[in-house]
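Hi there,

Here is the structure I promised to pass on. Have a look at it first, and then read my notes below.

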Amino acid sequence: MTDRESNVYIAKLAEQAERYDEMVEAMKKVAALNTELTVEERNLLSVAYKNVIGARRAAWRIIASIEQKEKSKGNDNHVQQIKDYAKKIHTELNSIVTDVMTTIDNHLLPHATAEESKVFYYKMKGDYYRYKAEFSTEEDRKEAAKQSLEGYEQALKGAQASLASTNPIRLGLVLNFSVFYYEILNEQSKACELAKKAFDDAIAKLDDLSEDSYKDSTVIMQLLRDNLTLWTSDGDNDDGDE
């Protein structure tokens, strides 16, 4: 078994054990080999990082909610303690985003030859800078939003040029990009326009879908439709992203 195969196997073990920090470390070793990742390897890397940052994003939201409740009660001492605790989560979130960007920019994009891979990695850049914008304020938020927009735009340009409208990566990209417009830039009309066009384009080509990607594509299409329904009714529920 090569080092590459060994690290992929460790990543799969770590995923089963829900030890996602170790899953990230194993897949970073694969990325550091500076060769194009297979679809399986790419997905393992994505799942690892998504779970690592997902836990911190959830923690951030919970702490922010508790802070608001304590503020409304006038518990200033608790509010200060919460702010101090939140700094720890903030530091972890920043560290994960930096790590993702280093891996993508130094190891993945320079060695990606397949157009689908390039779209995948630029979408990741859009996603992780979007996550950073969620928990940042003022200039840091503006800069993260700018970087996120650039990642998504680069990904969309590649997707429109090389991926079918029913491709799950292209659909997932548009889903997340539209959430970015709605949540980060507060541009509801742009978010709806992007999501609706992607949904309509995919519906028109639904018969062309292969059996392999049918489930993935239709699940994302449903999320696009759910978001459109939510956004056009001005609901307060959480937007769905991939």
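To start you off: does Ser148 count as buried or exposed? Ser148 counts as buried, because its relative accessibility is 0%. (Buried means under 20% relative accessible area, exposed over 50% and partly exposed in between, with a 1.4 Å probe and protein chains only.)

Before you go further, please keep in mind that this is a predicted model: local features need pLDDT of at least 70, side-chain atom pairs count only at pLDDT 80 or more, and totals for chains, interfaces and linings use all residues. Residues are numbered from 1 along each chain as its sequence is written, and side-chain values use heavy atoms, with hydrogens and water left out.

Back to Ser148, then. Ser148 sits in helix 6 (residues 138–162). Leaving out residues up to four places away in sequence, Ser148 touches Gly126, Tyr129, Arg130 and Phe180. (Contact means heavy atoms within 4.5 Å.) Gln147 is in helix 6 too, but Gln147 counts as partly exposed, because its relative accessibility is 25%. Between the C-alpha atoms of Gln147 and Ala133 there are 9.5 Å in space, and the two are 14 residues apart in sequence.

Now the whole chain. Of the 242 residues, 43% count as buried. Take the contacts between residues at least 6 apart in sequence: 68% of them join residues at least 24 apart.

As for charges, there are 32 positive and 44 negative side chains, and the centres of the two sets lie 2 Å apart. (Lys and Arg count as positive and Asp and Glu as negative, without His and the chain ends; a charge is placed at NZ of Lys, CZ of Arg, CG of Asp or CD of Glu.)

Next, the inside. The largest nonpolar core has 70 residues, and Tyr49, Val100, Tyr121, Met124, Tyr128 and Trp231 touch the most other members. Helix 7 (residues 168–184) gives the largest share of this core, 11 residues. (A nonpolar core is a set of buried Ala, Val, Leu, Ile, Met, Phe, Trp, Tyr and Cys residues joined through side-chain atoms within 4.5 Å.) Try clicking on Tyr121, in helix 5 (residues 115–135). Tyr121 is buried, at 2% relative accessibility. Apart from neighbours within four places in sequence, Tyr121 is in contact with Leu37, Arg42, Ile104, Leu108, Leu109 and Ala112.

Finally, two loop residues. Glu18 is in the loop between helix 1 (3–16) and helix 2 (20–31), and Glu18 has a positive phi of about 60° although it is not a glycine. Glu18 counts as exposed, at 60% relative accessibility. Asn186, in the loop between helix 7 and helix 8 (188–204), has a positive phi near 55° and is not a glycine either. Asn186 is exposed, with a relative accessible area of 61%.

Cheers!

How values were computed. Helix = DSSP H or I, 4+ residues; strand = E, 2+ residues; numbered from the N terminus.
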